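Open the model in a viewer and keep the sequence panel beside it. The stops below each name a selection and say what is found there.

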Amino acid sequence: MQGEPRSRFLTLPDPEATDDFGRRMADILRAGDVILLEGPIGAGKTHFARALIAARLARLGRREDIPSPTFTLVQTYDAEPEIWHADLYRLTHPDEAVELGLEDAFQTAICLIEWPERLGSLRPGDALVLTFAPTDDGASRQVTVTGPAAWMARLADVVPAHD
């Protein structure tokens, strides 16, 4: 049993802070990790995903263009483990996620999933959920980090708990 999900909160005051958050998250990820990226259009989901992917690829000495998967639905990156970045906005039914091969990727790759509500019942229960929301000033972002206790332990240095 995974227990009740727990949440932490983070403020990202500018794009550089989002980049830094992505780099720090890249340091703790391993095969089978699924991060569900929630929030409205323009909230910073893709920016975060690109920063995280760039950091993982940089470890391999690679710099690559990291396009948004809005039109391709999924972009994969040859890394150890493989990285899948999916934008499910255009899906109309969860069965389409199965056709993309996401169920298998959830077991073997690092998966970053934008618009995860399109997964329906395929949504992994042990995933980490990052909910991005722009602040009133429009420049900064609030991120709610929610996941099982095992995730919270791994996040101790990335997203400190605030009591």
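Begin with E117: at 42% relative accessibility, E117 counts as partly exposed, a class that lies between buried (under 20% relative accessible area) and exposed (over 50%), with a 1.4 Å probe and protein chains only. The model is predicted, so local features need pLDDT of at least 70 and side-chain atom pairs count only at pLDDT 80 or more, while totals for chains, interfaces and linings use all residues. Residues are numbered from 1 along each chain as its sequence is written, and side-chain values use heavy atoms, with hydrogens and water left out.

**Salt bridges**

The side chains of R118 and E117 meet in a salt bridge at 3.3 Å, N to O; the term requires a side-chain nitrogen of Lys or Arg within 4 Å of a carboxyl oxygen of Asp or Glu. R118 is partly exposed, at 24% relative accessibility. Elsewhere, salt bridges that share partners join D20, R23 and R24 into one network. A search of the whole structure finds seven salt bridges.

Select D20 and R24 next. Their side chains form a salt bridge of 3.0 Å, N to O. The two residues are four apart in helix α1, so about one helical turn separates them. Helices here are DSSP runs of H or I with at least four residues, strands are runs of E with at least two, and both are numbered from the N terminus. D20 is partly exposed at 31% relative accessibility, and R24 is partly exposed at 25%.

Then select R154 and D33, whose side chains meet in a salt bridge of 2.5 Å, N to O.

**Helix α2**

Select residues 45–59, which make up helix α2. The helix has 15 residues and reaches 22 Å from its first C-alpha to its last, close to the 21 Å expected at 1.5 Å a residue; the expected span is 1.5 Å times one less than the number of residues. Its buried residues are K45, T46, F48, A49, A51, L52, I53, A55, R56 and L57. They pack against α1 (15–26), β2 (34–38), β3 (74–77), β4 (83–87), β5 (110–114) and β6 (128–134). Just after α2, G61 takes a positive phi of about 75°.

A polar atom of the R56 side chain lies 3.0 Å from the backbone oxygen of L29. Leaving out residues up to four places away in sequence, R56 touches A26, L29, E80, P81, I83 and I110, where contact means heavy atoms within 4.5 Å.

Move to T46, also in α2. T46 is buried, with a relative accessible area of 19%. Its side chain is joined to that of E114 by a polar contact of 2.8 Å, that is, a pair of N or O atoms within 3.5 Å; within protein, one must be able to donate a hydrogen and the other to accept it, and residues adjacent in sequence count only if both atoms are side-chain atoms. With the four-place exclusion in sequence, T46 touches S68, H85 and E114.

**Strand β2**

Select β2. Four of its five residues are buried, so the strand is largely enclosed by the rest of the structure. β2 runs parallel to β5, joined by four bridges, and parallel to β6, also joined by four bridges; two strands pair if DSSP finds at least two bridges between them. Centre on L37: its bridge partner in β5 is E114, and its bridge partner in β6 is L130.

**Backbone geometry**

E80 and P81 are joined by a cis peptide bond, with omega about -5°, and P81 is in the loop between β3 and β4. L73, in the loop between α2 and β3, has a positive phi near 75° although not a glycine; L73 is buried at 15% relative accessibility. W115, in the loop between β5 and β6, is another non-glycine with a positive phi, about 60°, and W115 is buried at 14%.
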